[in-house]
Amino acid sequence: MTSADDMLAVAVEEARTGLAEGGIPIGAALFDGDGRLLGRGHNRRVQDDDASMHAEISAFRNAGRQRSYRGTTMVTTLSPCWYCSGLVRQFGISNVLIGEATTFHGGHDWLAENGVGVTVVEDPALVEMMTTFIAASPELWYEDIGQD
Ligand SMILES: [Zn+2]
C-alpha cells in the first residue's frame, strides 16, 4: 500500500518536470486500489500546444485502458478543473487526492457530493509553487483556467 504522501510525491515530481520544461506546474498520477501506480503525467498545454492536455488527462491516458476504475485514486497537485472532475465521474474513479485547493478551487466539492472520496492536503510547498508560477506567468495561468 502506498501512503498518501508517497502518492502525492509522484504528482509533485510530475509538476516540477512540467515547470522545468517551461510548462504549467501541475502534475497527476493514477493509482489502483492496492496503491500500484497505473500512470503519471503533467499539464502539457505549452509543450504540446494542446489546451486539453491537463495533468489528470495525461496521467489517465498514460495508464492505458483499464477494465474498471473502481478503487482507483486520481492524485493531483491542484484541485481538478471541471473537465478533469468530469473525467473522474465519467470513468468512476473512486478517490481524488489533491495537493492544494488554495490557488484554484475546481470541482472537488461537486465530486465529494457525488460520492467520490476527496482528500485535500493543502501542502504549503505546493501553494508556494503555484503562487510563484502565477506571479511569474499570469497570462499562461489565466489561459489555462479559461479566464480572460
Ligand atoms: Zn483539468
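Modeller: A contact here means heavy atoms within 4.5 Å. The model is predicted. By that cut-off, Thr 73 touches Met 7, Ala 29, Leu 30, Phe 31, Ile 93, Asn 95 and Leu 97, leaving aside residues up to four places away in sequence. Thr 73 is found in strand E3.

Biologist: Why is Thr 73 called buried?

Modeller: Buried means under 20% relative accessible area. Thr 73 has 10%, so the label applies.

Biologist: What makes His 54, Cys 81 and Cys 84 donors of the zinc ion?

Modeller: A donor is an N, O or S atom within 2.8 Å of the metal. The atoms are ND1 of His 54, SG of Cys 81 and SG of Cys 84, and they lie 2.1 to 2.3 Å from the zinc ion, so they meet the cut-off. Water is not among the atoms, so the site may look incomplete.

Biologist: Why is the pair of Phe 60 and Phe 91 called tilted?

Modeller: Ring centres must lie within 6.5 Å to pair; planes under 30 degrees apart are stacked, and those over 60 are edge-to-face. Here the centres are 4.6 Å apart and the planes stand at 45 degrees, so the pair is tilted. Phe 60 is in helix H3 and Phe 91 in helix H4, 31 residues apart. Ring pairs also bring Tyr 69 into a cluster with Phe 60 and Phe 91.

Biologist: Is Phe 91 buried or partly exposed?

Modeller: Partly exposed: its relative accessible area is 37%, between the 20% and 50% limits. Phe 60, at 10%, is buried.

Biologist: What makes H3 mostly covered?

Modeller: Of its 8 residues, 6 are buried: Ala 55, Glu 56, Ile 57, Ser 58, Ala 59 and Phe 60. Their cover includes strand E1 (27-31), strand E2 (37-42), E3 and H4.

Biologist: How do you know that Arg 89 lies over the face of Trp 110?

Modeller: For Arg, CZ must be within 6 Å of the ring centre and within 35 degrees of the ring normal. Arg 89 is at 4.9 Å from the ring centre of Trp 110, and it lies over the face.

Terms used:
Residues numbered from 1 in each chain as written. Predicted model: local features only at pLDDT ≥ 70, side-chain atom pairs only at ≥ 80, totals over all residues. Heavy atoms only, no water. Donors = N, O, S within 2.8 Å, 3.2 Å for Na, K, Ca; no water. Helix = DSSP H or I, 4+ residues; strand = E, 2+ residues; numbered from the N terminus. Buried < 20%, exposed > 50% of the residue type's maximum accessible area, 1.4 Å probe, protein only. Phe/Tyr/Trp six-rings, centres within 6.5 Å; stacked < 30°, edge-to-face > 60°.
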